[in-house]
Amino acid sequence: MIRTDTLPAPVSHDELSRPEPDARDFAIPAGGLDEEQRLRALNRMDEYLTRKRRHLLGFQATQEMGGSAFDLGRFMQHNINNLGDPFQSGGYKPNTKAVERAVLDYYAALWHADGPHDPADPESYWGYVLSMGSTEGNMYALWNARDYLSGKPLIQPSAGSSVVGAAGPVNPNARRPVAFYSEDTHYSFAKAVCVLGVETFHAVGTEQYPGECPLRGAAGEPLDWPTEVPSRSGPSGHAWDGTGEIDTDALAVLVEFFAAKGHPIFVSLNLGSTFKGAHDDVRGVCERLLPIFEQHGLVRAADGRRGFWIHVDGALGAGYLPFLRMAGADPARFGWTPDTELPEFDFGITLPTRESGELDMVSSIAMSGHKWPGAPWPCGIYMTKVKYQVAPPSQPEYTGAPDTTFAGSRNGFSPLVLWDHLSRHSYQDQVDRIRRSQQLAAYLEQQLRLLELEKGIDLWPARTPGAITVRFRKPSPELVAKWSLSSQDVLTTPGDETTRRSYVHVFLMSSVDRTKLDALLADLAEDPVILGAAGPAA
């Protein structure tokens, strides 16, 4: 339940329009600040953050911290560093690894991973609590997959020594994995592949297979290699008004091309995409790609490891989707039937193969804890299986624990915050939280359509089924700043700048209530940019 009793009184429009703090407000002279100056500066920042927290609607960041600040403040006197692997205590003893492992066990159960962690069991899960959000988790997945698919040594060695693709070990492509992700994937993924030197299908296709892109245009014409896998088209025939889900047909065509050349395959799928909140059909993608992997020898190579890796970027959705699926599977128990059946996405997806029996399909999952369930700073979870772990590049003795994580030194406060939330909320509570968000998303979409009728304007309201975000026409810069709205431009006719539309979106996080939405709607009803939006822009 949202704790409004702890919030300060509403602030006026004049206060909201005050400029953001400047570094000069916090300048530190050589002699430091006296107590009055120091407290005045801190009060200014606190006042600013309080104003912005009350009106943040455009980003996937829960502003509801519950009672954690009161119960967990005592831990701020400790330097808590979860240095190295979470399943070994290590030399730095002021850590919260026991709490971290409890949090990991919780999500392993939600995501149908085999647990608890057992380093001797290749099917057992392994993971850690991230110091960043899902960007770190996605980077770790890319790093892990790159080294696994290119034949680097494993923590738990297998029988052979090399990855074998369709054409056998002599094929140079057998150690050259190719990455696939959709155009609705978070922008940081493109940065991550560059940082880690992971080759995308666009880069490899452009360099090694120019003019051979297997995708075709609407009239059957050949296309250049796209930068990312296309998303599903909407009523316009283009992706701009689609749901934001990956185009499984296009993905399968592209994967088929590179698998036939002997390349190992890395695929990243979204659960709650950045702007449209779309959930890719993970099971559907797995079912579509498995025959391709089988045909081209990527299911089981000579050394026992596979030649494909399916990663789920669940930055937003992996935190709440299990509870939506629980409610859908047992509405009598949870008192609610979701409007949309959302996809199976986790380690529980297994499919029959021709020669290997049942095959587990998902290799890794990442989520952001500051998005859902919520935390005061970026954090998250990365999870995979023991059988996929690659031996770390270094083994520092002084840490006392293997350097198996991305960051090495890791924030020991995040496990406490996540544990505190999970310990306060039953599965029923979690279902109720996501139900409120779903209902508020439906409410906002409905009210935007009513506002269109009332004012005779075109707001372009849209919501992907099952998403907790609603997108609509971008209002004035003042409202964008007041409500911290995120924006995105699209061309309704590709290549034609006259058809440009500017959208914003609202995320219905657990800290949002109807009062906040009604205040936004009231602002929109008086906004000169919105009131001047009679009729479509294109």
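In strand β8, Tyr 382 is the bridge partner of Ala 366, and that pairing is a handy way into this predicted model. From there we can look at the strands on either side of the pairing list, and then turn to a pair of helices.

**Strand β8 and its partners**

- Strand β7, spanning residues 362–368, pairs with β8 in the antiparallel sense, and four bridges link the two.
- Strand β1 (residues 125–130) also pairs with β8 in the antiparallel sense, here over six bridges.
- One of the residues involved is Trp 126, whose bridge partner in β8 is Thr 384.

**Burial of β8**

- Strand β8 covers residues 380–385, and six of its six residues are buried, so the strand is largely enclosed by the rest of the structure.
- Gly 380, Tyr 382 and Thr 384 point one way from β8, while Ile 381, Met 383 and Lys 385 point the other way.
- Both sets are buried, Lys 385 included.

**Helices α8 and α9**

- Helix α8 (residues 248–260) and helix α9 (residues 282–295) have axes that come within 10 Å and cross at roughly 15°.
- Angles under 35 degrees count as roughly parallel, which makes α8 roughly parallel to α9.
- Their crossing is right-handed.
- On the α8 side, the contact is made by Thr 248, Asp 249, Leu 251, Ala 252, Val 255, Glu 256 and Ala 259.
- On the α9 side, Val 285, Arg 288, Leu 289, Ile 292, Phe 293 and Gln 295 take part.
- Sorted by class, this contact of α8 with α9 has eight nonpolar, two polar and three charged residues.

Methods:
Residues are numbered from 1 along each chain as its sequence is written. This is a predicted model: local features need pLDDT of at least 70, side-chain atom pairs count only at pLDDT 80 or more; totals for chains, interfaces and linings use all residues. Side-chain values use heavy atoms; hydrogens and water are left out. Axes are lines fitted to C-alpha atoms, for helices over the stretch in contact, and angles run from 0 to 180 degrees between N-to-C directions. Angles under 35 degrees count as roughly parallel, over 145 as roughly antiparallel, 65 to 115 as roughly perpendicular and the rest as oblique. A crossing is left-handed if the near helix is turned anticlockwise from the far one by less than a right angle, and right-handed if clockwise. Contact means heavy atoms within 4.5 Å. Ala, Val, Leu, Ile, Met, Phe, Trp, Tyr, Cys and Pro count as nonpolar, Asp, Glu, Lys and Arg as charged, and the others, Gly among them, as polar. Buried means under 20% relative accessible area, exposed over 50%, partly exposed in between (1.4 Å probe, protein chains only). Two strands pair if DSSP finds at least two bridges between them.
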